[in-house]
Every structure is written in structure tokens, then in C-alpha cells.
Amino acid sequence: MPNWLSNFVLPKIRTLVGRKEVPDNLWRQCPGCEQTLFLKDLVTDLMVCRHCGHHFRIGSVERFKMLFDNAHFETIDLPKTPVDPLKFRDRRRYTERLREGQAALGAGSDAIGVAHGRIGGVAAVVAAFDFGFMGGSMGVAVGEALIAASRVAVERQAALIVIPSSGGARMQEGILSLMQMPRTIIAADMVKEARLPYIVVLTDPTTGGVAASFAAIGDIAIAEPGAIIGFAGARVIEETIREKLPEGFQRAEYLLEHGMVDMVVKRTELTATLGRVLRLLREPAAMARPA
Ligand SMILES: [Zn+2]
């Protein structure tokens, strides 16, 4: 039965108050300046606010498309890992959380993607985190992915670029997730021992067990503007690489000022900067590591 109220009156009221029938997914509000941004413009601007320069979080595939020459890359199949080894449950089952993440990113996926291709003409492997997948948390799958990425980099004599965006270790995997800290450091060392460049691009946020492991030991550490980088695990880092770092969470610019990152680079300039860095590092003298 037709309902005259919803069919006739409501549209008229909407016209009167000028309510726009625009789906929400066409707009984003900037967390930096609260301006409303047209999503199409935001995508054109590499997900950087054109008003205040706020860098939105982006996923691994978006990273690959913007970093690799001509957006041409091959993703690497990542090792399958045991699902829910501890049968963990908080408010929801861990397996449910995994399914939810995989619904968005594809079956068998986790909080990281790995691809290889060329950047500025130089062979490179990129391992990029997906913060949207359980906060980019690092469990066994992420550890395995970083080891796989290192192996491919060594096989192909390519640079390894890791781009964390992570809340840290994945609590649902307990001690297994903490074990990924030394494992990922070993993965980075494989690349270093092969005299290939190991570069980290710290993006918002890089915290916890991720900030205190592989993310802290880049040959070159680049950070995106405004990224919150949590060296709350400073003591762990001190013990790991014997460097004194202040406690707490800091922004990229503070870390640059204190010599804890080498460069703060806008996303719009990241591809060109990485290309230049990689070409410089390819010169024979550059990677002659002290024994
Ligand atoms: Zn803004």
C-alpha cells in the first residue's frame, strides 16, 4: 500500500531543507583540519589533504600503485600460516576478526602485502602494511611475509622497502606475535648482509613491537609528515640496537629534529625521493658495509 507520507511529503521536506542525496562514500572529512574533501580529489592528491597536508592512511595496494614505476608490479604469494593458534577470544573470536579483514582484502590475506617491481628504474621489493586489517598488527603471518620479502629481495638483488602502519604486536597470538620482533630483525639483516639497501618508510602510526623491531633498523629511515611513531618501547630498542631514544610517542618531525629519522618526505614526493635514493645506493661504494 502506498504511503503518502514517505512518498510525497518527505521528498518535499527534503527539497525544502536542501538535503543533499549524496552517498557518504563520495566525501571524507579531514581529521587534520575538519574540511570536507571530495573523495575523487583526495585520491588524485594521493590521499593527502589539499588544505592542511594531512596524510590519510592508505593500504598496501594503493602504496604499490603509487610507488612502482608506471604502477607496474607483481605481488608475491605469502606463506600460509596457522589460523588462530591459541583459539583466542576477546569480545569476539579471533577467527571472526580475521574473516572480517579478509573480506576486505581477499582470502588468506593479513595485515601486509608484498610486491616487487622497479622504482626509479631500480629493482625493489616493497612490503607495505594494511592498517585496516586489525590495526596493522603483527602476528605470525606478518613475520612470515617480511621473511619472504627479504628472501625475494636477496634472490632478485633488489632493495627492500618496508612501510609499517601498525599498532604493534597482535595480542590474539600472544607470545607468538612477540617472537616476530627478533624474526623480523633477522629478516632485515638478511638483506643487509647481502649488501642490499634496507629502507623503512614510517607511516602513521608506527608503534609498539613494530617500532621496536624491524622498523627501527633501516639503513635509511624516511617518515611521512605528521606520522605518529611510538618509541614507547624505548628500552627494548636500547637493548636491541643500543641507541638512546626518548620515551613515548613522537611525530615524524620531532624524530627528524633529534636525528632518529633521516628524512620527512611528503607522500607526493616519496616516489621520486625513493628513486633518487635507490639510484645513489646502487653506486658501488654506497653499500660497502663495514665488516
Ligand atoms: Zn586537512
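Student: Which arrangement do the 4 donor atoms around the zinc ion make?
Tutor: Happy to walk through it: the 4 donor atoms subtend angles of 106 to 112 degrees at the zinc ion. Four donors count as tetrahedral if all angles lie between 85 and 135 degrees, so the arrangement here is tetrahedral.

Student: What kind of model is this, and how are its residues numbered?
Tutor: This is a predicted model, where local features need pLDDT of at least 70 and side-chain atom pairs count only at pLDDT 80 or more, while totals for chains, interfaces and linings use all residues. Side-chain values use heavy atoms, without hydrogens and water, and residues are numbered along each chain as its sequence is written, from 1.

Student: Which protein donors does the zinc ion have?
Tutor: Donors are N, O and S atoms within 2.8 Å of the metal (3.2 Å for Na, K and Ca); water is not among the atoms, so sites may look incomplete. Lying 2.3 Å from the zinc ion, the protein donors are the SG atoms of Cys-30, Cys-33, Cys-49 and Cys-52.

Student: Is Cys-49 buried or exposed?
Tutor: Buried means under 20% relative accessible area, exposed over 50%, and partly exposed in between (1.4 Å probe, protein chains only). Cys-33, with 29%, is partly exposed. Cys-49 has a relative accessible area of 3%, so Cys-49 is buried.

Student: How are helices H5 and H7 oriented to each other?
Tutor: Helix H5 (residues 140–155) and helix H7 (residues 180–193), both DSSP runs (H or I, at least four residues), pack with their axes 8 Å apart, at an angle of about 10 degrees. These axes are lines fitted to C-alpha atoms over the stretch in contact (heavy atoms within 4.5 Å), and angles run from 0 to 180 degrees between N-to-C directions. Angles under 35 degrees count as roughly parallel, so H5 and H7 are roughly parallel.

Definitions and conventions
Tetrahedral: all angles 85-135°; square planar, octahedral: opposite > 155°, others 65-115°. Helix = DSSP H or I, 4+ residues; strand = E, 2+ residues; numbered from the N terminus. Parallel < 35°, antiparallel > 145°, perpendicular 65-115°, else oblique.
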